[in-house]
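Open the model in your viewer and keep the selection panel at hand. The stops below say what to select next and what is there.

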Amino acid sequence: MSKEAWFAKFKPYQGNLDSTPVQIDEYLPAGKSIVLGLQHAFAMFGATVLAPLLMGFDPNLTIFITGIGTILFFLITGGRMPSYLGSSFAFIGAVAAATGYAGAGSNPNIALALGGTIVCGLIYALIGLVVMKIGTAWIEKLMPPLVTGAIVMIIGLNLAPVTIQSVSGDSFDSWMAVVTILCISLVAVFTRGMLRRLLLLVGLVAAYLVYFVLTNVLGLGKPIDFAPIANAAWFGLPTFYSPVFEANAILLIAPVALILVAENLGHFKAVSAMTGKNLDPYMGRAFFADGVCTSLSGSVGGTGMTTYAENIGVMAVTKVYSTTIFVIAGCFAILLGLSPKFGAVISTIPVALLGGASIVVFGLITIAGAKIWIDHKVDFTQNSTLIIAAVSLIMGAGNLSLKIGSFDLGGIGTATLAAILLNLLFNRGAKTTLVDAKQAVSH
């Protein structure tokens with residue numbers, strides 16, 4: 001039996017964009033690929049910029065590094081795992097604890113965070129090597145479809161409150177978020193072919209034009225400020241930083257690797273469900289690639305990295321899973337990082353519009369988790385199944401965060417750990433269903 005080639009054998013897409021998905025190992029013509037890549041760059045932009053801002057990192061540098069990381073991820077995985085590597089929110093609590101960051105301006109202790117991030121990435125890469133060697137069976141035991149479906153849903157639900165809050169402070173912003181949702185939804189439902197595949201990009205552009213008319217022309221809200229575009233340089237290298245390795249910071253940040261494993265496993269399971277392809281053989285590569293890219297990012301001043309739920313949401317609705325699209329998205333991100341003017345153009349997108357788009361994307365992520373349950377026919381007549389799903393989902397949606405010593409698990413980490421531990425506790429338990437229990441009581 002011949003050994004499988006490292007890289008997927010790519011072939012041109014021959015289907016109908018209205019009805020046939022574009023698979024992982026297929027590619028579209030250059031023009032369509034470039035526009036789809038741009039859409040993925042838009043999808044990751046808001047969160048990838050927000051995460052470094054919340055940690056006091058340089059957003060331009062982070063965008064630049066995520067572009068390089070995404071291309072490296074494609075190469076290390078052999079083009080077999082469709083994903084964008086963006087800045088991870090899982091690091092925010094640990095970085096704040098390790099550096100004492102107050103949440104405004106540049107982080108004066110960024111070097112300590114970088115050292116911890118590098119070690120975290122190395123641990124994650126090591127887990128990836130173990131998975132490449134012995135497979136994912138041990139992870140599957142810890143995270144069956146019940147748990148992975150819950151984790152995917154938790155990611156979408158956990159992000160929802162932050163998104164809603166971002167557009168709730170002002171009535172005009174709230175309405176513009178609704179307008180953005182409506183624009184994206186109209187494109188998704190009433191268009192066909194390539195236009196439907198670009199629903200986020202086209203919907204955002206339409207909402208942007210509406211916002212411009214209502215604010216800059218009619219004066220009904222805060223107008224878009226185009227001055228940063230004029231003042232920004234066309235080209236400029238981001239500022240790089242050097243790490244410092246300090247034991248306490250490392251102990252606080254390195255355990256985030258466990259959260260990344262759970263988070264990314266959920267992402268990959270969601271992609272498997274969407275594509276109908278078994279991606280388990282390539283999970284070790286993906287973990288290793290994400291770990292390597294996280295360490296690389298930390299070595300120059302960037303944040304820890306993770307596969308991006310926003311882009312998985314884009315795939316869920318566009319049905320375009322080609323990994324070549326992410327290489328193009330990575331190139332766009334590099335351009336963003338190297339061009340302050342290009343970044344200034346993107347930064348003029350109002351928060352209300354990004355919030356509206358995020359509501360759509362995070363909702364799609366949540367539904368992708370439910371689809372895992374449906375596809376694997378998870379049995380919700382079992383009390384154990386109901387308890388595992390119910391408890392973990394509410395923990396995640398409510399952002400319940402537990403601390404182990406000085407390490408803050410965060411809402412996603414706490415809910416994920418709960419789902420895993422409850423499954424290990426109950427999966428050998430009684431099989432009494434709610435129906436059986438009611439019958440027992442009635443007798």
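Helices here are DSSP runs of at least four residues, numbered from the N terminus. The model is a predicted one.

Start with helix α4, residues 110-134. With five residues, α4 gives the most to a nonpolar surface patch. To see that patch, select W6, F7, L75, L126, L129, V130, M132, I134 and W138, which together make about 830 Å².

Next select R80, in the loop between α2 (59-76) and β3 (85-87). R80 has a relative accessible area of 12% and is buried. Follow the R80 side chain to W6, a residue of the patch: it reaches the backbone oxygen of W6 at 3.1 Å.

Now move to helix α7, residues 171-190. At the start of α7, look for D170: one of its side-chain oxygens comes to within 2.9 Å of the backbone nitrogen of F172. How far apart are the end C-alpha atoms of α7? They are 28 Å apart, which agrees with the 28 Å that 20 residues should span at 1.5 Å a residue.

Colour the buried residues of α7: F172, M176, A177, T180, C183, I184 and V187. Seen down the axis of α7, these fall within an arc of 145°, so they line one face of the helix. Turn to the other side of α7 to find S171, W175, L182 and F190, which are exposed.

Technical notes. Residues numbered from 1 in each chain as written. Predicted model: local features only at pLDDT ≥ 70, side-chain atom pairs only at ≥ 80, totals over all residues. Heavy atoms only, no water. Helix = DSSP H or I, 4+ residues; strand = E, 2+ residues; numbered from the N terminus. Expected span 1.5 Å × (residues − 1). Buried < 20%, exposed > 50% of the residue type's maximum accessible area, 1.4 Å probe, protein only. Arc of directions from axis to C-beta. Polar contact = N/O pair within 3.5 Å; in protein donor to acceptor, adjacent residues only side chain to side chain. Patch = residues over 30% accessible without salt bridge, like charges linked within 9 Å, V, L, I, M, F, W, Y side chains within 5 Å. Areas by Shrake-Rupley, 256 points an atom, 1.4 Å probe, with all protein chains shown as cover. Salt bridge = Lys/Arg side-chain N within 4 Å of Asp/Glu carboxyl O.
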